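Please open the structure in a viewer and keep the selection tool at hand.

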Amino acid sequence: MATTIEVEDTITVGALAERLMIPVSKLIAELMKNGIMATVNERIDLETAQIITEELGLDVEFKGKSTDSPIPQRVKPKGGTAAVPRPPVVAVMGHVDHGKTSLLDAIRGSKIASSEAGGITQHISAYMIEHNGRSITFLDTPGHEAFSAIREHGAQLTDIIVLVVAADDGVKPQTIEAIRFARKAGVKILVAITKIDKDDADPNRVKQQLSEQNLLPEEWGGDTVVQEVSAKTSKGLNELLDMILLMADMEELKADIDVPASGLIIEAHVEVGRGPVARALVEAGVLKPGQFIVAGHTYAKIRNLESSKSEPLKQAGPSTPVTITGFKSLPEFGDEFRVVKDERSARSQADMTARENHKVSNRGITSNELLRIINRSNELKELNIIVKTDVQGSLTSVIDSLKALNTEEVAVRIVGSGIGSITENDLRLSKASNAQIYGFNVNCASAVRQQAVRDRIELRLYNVIYELIDDVKKELEQLLAPEVIETETGTLVIKGIFNTTKTSIICGGEVTKGKLVTPSYARIERNGKKLMTAEVTNLKRGPTDVNEVTEHEMCGISLRTPAKLELQIGDRLIVFTKEVQERHL
Ligand code: GDP
């Protein structure tokens, strides 16, 4: 029986050797054999550990300690005794085209949806509105499935999820996905049935479908708040905002303000003339210009602190979305930020995180990659790619979506990635690694483009993410070995052998089953045992060449053989055709 070892998501090489009771050098050697250069203190993930252990012939089963929820639960600041009420942070989620953007626009009173590329919100942004003298912060979470990575973060940031369901379309896969996220993240759901102005709106059907997802509307005796709205006529919008505030009151949302400010980075990009620009959400404390903040591997002396309307702010309290400039380099989406006392501690804390990140990326090899290395004999075909995008959030999404395309046979290998325009550096990297360049929402100077043409570098720009993913998928499909479908057509029993050379046989016989056709192949069998496979080059009925011979007919047959074979009377030819079919991922 297998011994069970409980581990966290990752384990150091040293600790694993200890648990397996084998010398660490043996484990390191086995890892090396599999292409992983790891030292004693480096961490490998659970599945890698499992695979390596099996390779070592040990019967051990690994069990994760923390497998419960795929969404890491962030503990939101609850606030101590000095806590004050804070505005709710609301995310709008739902199926694509169900009206999330239109609803947010109607609430905000602007018109973004129509100008969006592909009509899909491409990166998260946040803004605050006032309703009845109180504030509500909305996160504009992306809608397309390619953004599930961002959406997972979205769920963690929020107090309330407004689940948008179009009255004319009902509950769809992404609606269910959003419900799942909300539940896993422990976030309250409020349902907005949108597009009720439409003729074919059927809110009752939607309520029925919601009940099937265990979201029983209040009016049907359940505890799910459901509000019917129209972004077009604004009907129900005030009521929706009332409901959000009511729910917030019930949740008693509070945060400390007399602590050093902290929060989360929700988006980051580079702006010409402004350098790295980060959007962030303050969760506790009061953030002010001039303060030093650390976010992941970088830090800033806050140069500009702006509201979601790009107005300068003197301070920003809990639940306020802000724009921050002054970072030394781009912080990452999902990084926590916090105020520290001076530049020295900001720099040293950022450096420490950078070093840790480096360690993590050194550990770098996931079980999938390992499997691919182990299976390298099966000739994994890789497509080298360089990805450039406008903001960190979309880079994460693009990379995640591309990685999701990988199979054991073909895989995307990201040899370079970054934020910003496509440059000559990218071309150099492309040439060095034979990589295609994909840009999302970025530009490319015409000189660079011309150079790419001259160097025959594949350089493609997109502003709709799934078109990019689709094109990469097509490229990968080209790498897939085509599938050969063999179809048996008939059997011939040999009655006469006329000529045999090293590479051919001319013989004759009777079709006892099915029919023979050309072009085709023949498996030559004697007493049920396969001797070889040959190619059928010609069929004759009497003196005439034919394409087909049917059951019970006699015929002559010419075969091209890979080696000399002395055929015997009574041998059988199982004749089959081969059809080559393109494969899809
Ligand atoms: P998203 O993908 O969920 O962000 O959806 P959009 O906000 O882009 O909306 C998708 C389509 O539905 C657009 O053509 C909108 O004009 C339309 N739409 C959104 N809300 C309403 C509404 O309340 N009434 C009507 N009639 N159309 C709407």
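**First stop: the ligand**

Begin by selecting Lys-195, where a polar side-chain atom lies 2.9 Å from an oxygen atom of the ligand. The model is a predicted one. Next, select Ala-231, which places a backbone N or O atom 2.8 Å from an oxygen atom of the ligand. The protein covers 76% of the 570 Å² of accessible area that the ligand has on its own.

How many nonpolar, polar and charged residues does the shell have? By class, there are two nonpolar, seven polar and six charged residues. Of the 15 residues around the ligand, those that come nearest are Asp-97, Lys-100, Thr-101, Ser-102 and Asp-197.

**Helix 4**

Select residues 100-108, which form helix 4. Lys-100 and Thr-101, both among the residues that come nearest to the ligand, are buried in this helix. Leu-103, Leu-104, Asp-105 and Ile-107 are buried there as well. Move on to Gly-109, which follows helix 4 and has a positive phi, near 75°.

Select Thr-137 in strand 8, residues 134-140. Is Thr-137 buried or exposed? Thr-137 counts as buried because its relative accessibility is 0%, below the 20% cut-off. A polar atom of the Thr-137 side chain lies 2.5 Å from the backbone oxygen of Ser-319. Apart from residues up to four places away in sequence, Thr-137 touches Pro-88, Val-89, Val-90, Tyr-127, Met-128, Leu-281, Ser-319 and Pro-321.

Select Ala-280, which lies in strand 14, residues 275-284. With a relative accessible area of 0%, Ala-280 is buried.

Continue to Thr-323 in strand 18, residues 321-325. Thr-323 is buried, with a relative accessible area of 7%. Which residues is Thr-323 in contact with, leaving aside its neighbours within four places in sequence? They are Arg-274, Val-277, Ala-278, Arg-279, Asn-304, Leu-305, Glu-306 and Ser-307.

**Helix 14**

Select residues 465-479, the 15 residues of helix 14. From first C-alpha to last, helix 14 reaches 22 Å, close to the 21 Å expected at 1.5 Å a residue. Colour its buried residues: Ile-465, Leu-468, Ile-469, Val-472, Glu-475, Leu-476 and Glu-477. An α-helix has 3.6 residues a turn, so residues three or four places apart point the same way. To see what the buried residues of helix 14 pack against, display strand 20 (381-389), helix 11 (392-403), strand 21 (410-419), strand 22 (436-440) and strand 23 (459-462).

**Last stop: the whole chain**

Finally, zoom out to the chain, which has 14 helices and 31 strands. Of its 585 residues, 48% count as buried. The chain exposes about 28800 Å², with 47% supplied by carbon and sulfur atoms. Among contacts in the chain with a separation of 6 or more, residues 24 or more positions apart account for 72%.

Terms used
Residues numbered from 1 in each chain as written. Predicted model: local features only at pLDDT ≥ 70, side-chain atom pairs only at ≥ 80, totals over all residues. Heavy atoms only, no water. Helix = DSSP H or I, 4+ residues; strand = E, 2+ residues; numbered from the N terminus. Expected span 1.5 Å × (residues − 1). Buried < 20%, exposed > 50% of the residue type's maximum accessible area, 1.4 Å probe, protein only. Contact = heavy atoms within 4.5 Å. Near = heavy atom within 4 Å. Polar contact = N/O pair within 3.5 Å; in protein donor to acceptor, adjacent residues only side chain to side chain. Areas by Shrake-Rupley, 256 points an atom, 1.4 Å probe, with all protein chains shown as cover. Nonpolar A, V, L, I, M, F, W, Y, C, P; charged D, E, K, R; others polar.
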